Amino acid sequence: MDSISALTSFVRTAETLSFVQAAQQLGISASAVGKNVARLEQQLGVRLFNRSTRSVSLTVEGALLLARTRPILEQLRDVEAEMTQTVAHPSGKLHVSLPVVGYRLITPLLPQFSQLYPDVELDCDFSDRLVNVIDEGFDVAIRSGEMQDSRLQARALGPFRFVLCASPAYIAAHGRPALSADLIDHHCILFRFPATGLIQHWELDDLRVTGDFQPVKKLTVNNIEAMVQSTLAGMGISYVPNFVVRELLDQGELIEVLPGSCIRESGFSAIWPGRYLSPRVRCFIDFLAEHWPVSRRQ
């Protein structure tokens with residue numbers, strides 16, 4: 001077990017290039033991580049890291065060891081998860097990555113989950129940053145769109161679609177577009193993805209609005225909540241996931257524009273590393289799949 005602890009400390013340090021970050025992910029002190037790595041270096045008779053007061057980098061031998069040992073440790077984690085699947089009482093910390101807008105869907109579900117599984121400690125990271133699920137030590141992530149990493153498994157949770165909407169005040173002041181082409185004469189609020197800097201395209205049945213689209217006036221934001229508030233303030237027409245503005249549409253605080261013209265559909269999925277699920281991950285994913293809100297505006 002000492003060798004496994006040393007290898008785990010080495011791999012996390014190699015992935016983060018930081019003894020402190022490795023220690024945070026492993027839940028031990030940075031000095032313990034340093035001692036584990038030093039012991040491994042002594043056992044192997046090689047230096048694995050170049051260390052300075054400001055940085056840590058892999059040596060040639062360290063890079064070779066990382067390439068050989070990371071798949072082995074992943075297999076060991078899979079075996080551990082498989083062997084504990086029959087445990088009837090899920091417990092322990094569950095590190096979850098979620099998009100910022102996910103709080104609208106998931107936060108209302110958490111009290112019931114905590115009542116059902118009181119020994120599962122949720123550690124939720126709400127961020128629009130595209131995290132590396134494996135390298136950053138997440139147990140599960142909730143994401144929309146297609147999965148890009150073949151090392152991850154996925155389970156669909158629920159679909160959503162996009163809608164165009166504006167405030168009643170905006171419609172009163174600027175009129176309501178009758179056709180997609182009329183959008184060129186309106187104020188449009190565009191969304192810029194924080195991770196890539198790219199503009200979210202508006203996928204309409206007869207028009208595709210991109211970052212090159214030049215309406216009378218446009219506002220660009222990189223946060224969904226800012227987009228919603230700007231739309232409520234009458235600053236223009238926005239293109240948003242329907243679940244984000246569902247209540248506002250139902251209450252009449254926003255009005256759907258060009259209903260039925262948006263053709264883009266997507267969905268949320270739970271993704272996780274490895275082939276097998278630990279009990280705490282399985283119960284969380286099963287709970288979300290069972291209780292995921294059903295869109296009333298499909």
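**Surface patch, salt bridges and a helix**

Modeller: Here it is; keep in mind that this is a predicted model. One place to start is the surface, where I4, I72 and L76 form a nonpolar patch.

Colleague: How much accessible area does that patch have together?

Modeller: I4, I72 and L76 together have about 240 Å² of accessible area.

Colleague: Where does I72 lie?

Modeller: I72 lies in helix α4, which covers residues 60–83. I72 counts as partly exposed because its relative accessibility is 46%.

Colleague: Changing topic. How many salt bridges does a search of the whole structure find?

Modeller: The search finds nine. Some of them are joined up: R12, E15, R70 and D135 are linked in a network of salt bridges.

Colleague: Take R70 and E15. What is the N to O distance there?

Modeller: It is 3.1 Å for the salt bridge between the R70 and E15 side chains. This pair links distant parts of the chain, with R70 in helix α4 and E15 in helix α1 (residues 2–16), 55 residues apart.

Colleague: And is R70 buried or exposed, or in between?

Modeller: R70 has 24% relative accessibility, so it counts as partly exposed.

Colleague: What about D135 and R70?

Modeller: Their side chains also meet in a salt bridge, at 3.5 Å from N to O. D135 is in the loop between β4 and β5 and R70 is in helix α4, so to speak of the chain, the pair links distant parts of it, 65 residues apart.

Colleague: Which residue does R104 form a salt bridge with?

Modeller: R104 pairs with E225, and the closest N and O atoms are 2.9 Å apart. Here R104 is in helix α5 (residues 103–106) and E225 is in helix α8 (residues 224–232), 121 residues apart, which again links distant parts of the chain.

Colleague: Why does E225 count as buried?

Modeller: Because its relative accessible area is 19%, and buried means under 20%. R104, at 28% relative accessibility, counts as partly exposed.

Colleague: Last topic, α10. How many residues does that helix have?

Modeller: Helix α10 has 13 residues, 279–291. From its first C-alpha to its last, α10 reaches 18 Å, close to the 18 Å expected at 1.5 Å a residue.

Colleague: Which residues of α10 are buried?

Modeller: The buried residues of α10 are P279, V281, C283, F284, I285, F287 and L288.

Colleague: What covers them?

Modeller: The cover includes the strands β3 (92–98), β4 (120–126), β5 (140–144), β6 (152–166) and β13 (265–273), along with helix α6 (110–116).

How values were computed
Residues numbered from 1 in each chain as written. Predicted model: local features only at pLDDT ≥ 70, side-chain atom pairs only at ≥ 80, totals over all residues. Heavy atoms only, no water. Helix = DSSP H or I, 4+ residues; strand = E, 2+ residues; numbered from the N terminus. Expected span 1.5 Å × (residues − 1). Buried < 20%, exposed > 50% of the residue type's maximum accessible area, 1.4 Å probe, protein only. Contact = heavy atoms within 4.5 Å. Patch = residues over 30% accessible without salt bridge, like charges linked within 9 Å, V, L, I, M, F, W, Y side chains within 5 Å. Areas by Shrake-Rupley, 256 points an atom, 1.4 Å probe, with all protein chains shown as cover. Salt bridge = Lys/Arg side-chain N within 4 Å of Asp/Glu carboxyl O.
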